[in-house]
Amino acid sequence: MKLQVDGRKARGDKRRAEIIAAVLRVIERDGVAGVTHRTVAAEAGIPTASTTYHFSSLDDLLVATLISCARDMATEVYWMIDRARSRGSRGAEEVAGLLAEALGPQRGRTMAEYELYLLAARKPELRPAARRWLDVLTSMVRHDDEVAFRVFLAGIDGLLIQGLIDDEPPSAEELRPVVDYLLKPA
C-alpha cells in the first residue's frame, strides 16, 4: 500500500517553515521588536495574509519560532553526541566546536535565539517554548548528577552570552579548556 502525501499539508508545512526562517532573519536584523506580521511577510516575500493565516497572533509566531529553534538545536546536539560517542570522547571538543560555530558563522542566529529566549522572561505565554530546549537536552544527555548537569548548562549559556558580547568570537581552541572544566566529573 502506497502512502499518499497530502499536498496541501506539505505546502502549508513548507510555508510555515519559510515564515519561521523569516522571523529569525528579522530578529537578526531588527531584534524582536521588529517582528510584525508585515515585516515577516516582507522578509519572506509573501502576502501578509499568509502570515496571519498560519499564525493568528505574534505570540503564536514567536512560540512556533522558539519551538523550531529548540528542534533544530536538538537535532544538532543529537548528532554531536553521536559523533562524540563514536569516537569514545566525553564531548569537550565537539561542544567547543558547536559553541565556536554558534558564536562565529551562526552569530546572528544565536543572538536571535537568545533574544527570543529572554523575551520569555517578560511574556509568560512564551515560557513553555523557551524551556523546551532545556527539556530536550535533559532528555538526550545521560547524566548521573542533576546539579552538575545544571551547572554545565548554565556554563554553556554563560559562554554563549559572553561570546555574543565579545568583539571577536572565541575559537573552539579557546573554548575547549572551559568546556573541559565544565565536563569534569564532580
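This is a predicted model: local features need pLDDT of at least 70, side-chain atom pairs count only at pLDDT 80 or more; totals for chains, interfaces and linings use all residues.
Visitor: What makes the buried residues of helix α2 line one face of the helix?

Guide: Helix α2 spans residues 37–44, and its buried residues are H37, V40 and A41. Seen down the axis of α2, these buried residues fall within an arc of 100°, so they line one face of the helix. The face turned away from that buried side carries the exposed residues R38 and A42.

Visitor: Which helices do the buried residues of α2 pack against?

Guide: They pack against α1 (7–30), α3 (48–54) and α4 (58–86). Just after α2, the residue G45 takes a positive phi of about 75°.

Visitor: Why is the pair K14 and E18 called a salt bridge?

Guide: The side chains of K14 and E18 meet with N to O at 3.1 Å, and the rule asks for a Lys or Arg side-chain nitrogen within 4 Å of a carboxyl oxygen of Asp or Glu, so the pair qualifies as a salt bridge. Both residues lie in helix α1, four residues apart, which is about one turn of the helix.

Visitor: How do you know whether K14 and E18 are buried, partly exposed or exposed?

Guide: K14 has a relative accessibility of 54%, and because exposed means over 50%, K14 counts as exposed.

Visitor: What makes R29 and D30 a salt bridge, and how exposed is D30?

Guide: The side chains of R29 and D30 meet at 3.1 Å, N to O, and since the cut-off is within 4 Å, this pair is a salt bridge. The relative accessible area of D30 is 40%, so D30 is described as partly exposed.

Visitor: Why is the pair R176 and D180 called a salt bridge?

Guide: The closest N and O atoms of R176 and D180 are 3.3 Å apart, and because the rule requires them to be within 4 Å, the pair is called a salt bridge. R176 and D180 both lie in helix α9 (residues 172–183), four residues apart, about one turn of the helix. R176, at 31% relative accessibility, counts as partly exposed, and D180, at 26% relative accessibility, also counts as partly exposed.

Visitor: Which residues are linked with R176 and D180 in a network of salt bridges?

Guide: R87, E93 and E94 are linked with R176 and D180 in that network. By this rule, the count of salt bridges comes to 14.

Visitor: Where is S171 found, and why is S171 called partly exposed?

Guide: S171 is found in the loop between α8 (146–165) and α9. S171 and G7 are 164 residues apart in sequence and 44 Å apart in space, C-alpha to C-alpha.

Visitor: Where does UniProt place the features "DNA-binding region" and "domain: HTH tetR-type"?

Guide: The unreviewed UniProt entry places the "DNA-binding region" at residues 36–55, and over those residues the chain in this model is 75% helix and 0% strand, with the end C-alpha atoms 11 Å apart. The unreviewed UniProt entry places "domain: HTH tetR-type" at residues 13–73, where the chain is 80% helix and 0% strand, with the end C-alpha atoms 19 Å apart.

Notes: Residues are numbered from 1 along each chain as its sequence is written. Side-chain values use heavy atoms; hydrogens and water are left out. Buried means under 20% relative accessible area, exposed over 50%, partly exposed in between (1.4 Å probe, protein chains only). Helices (H or I, at least four residues) and strands (E, at least two) are DSSP runs, numbered from the N terminus. The arc is that of the directions from the helix axis to the C-beta atoms. Contact means heavy atoms within 4.5 Å. UniProt positions are given in the numbering used here, feature names are shortened, and annotations may be inferred rather than shown by experiment.
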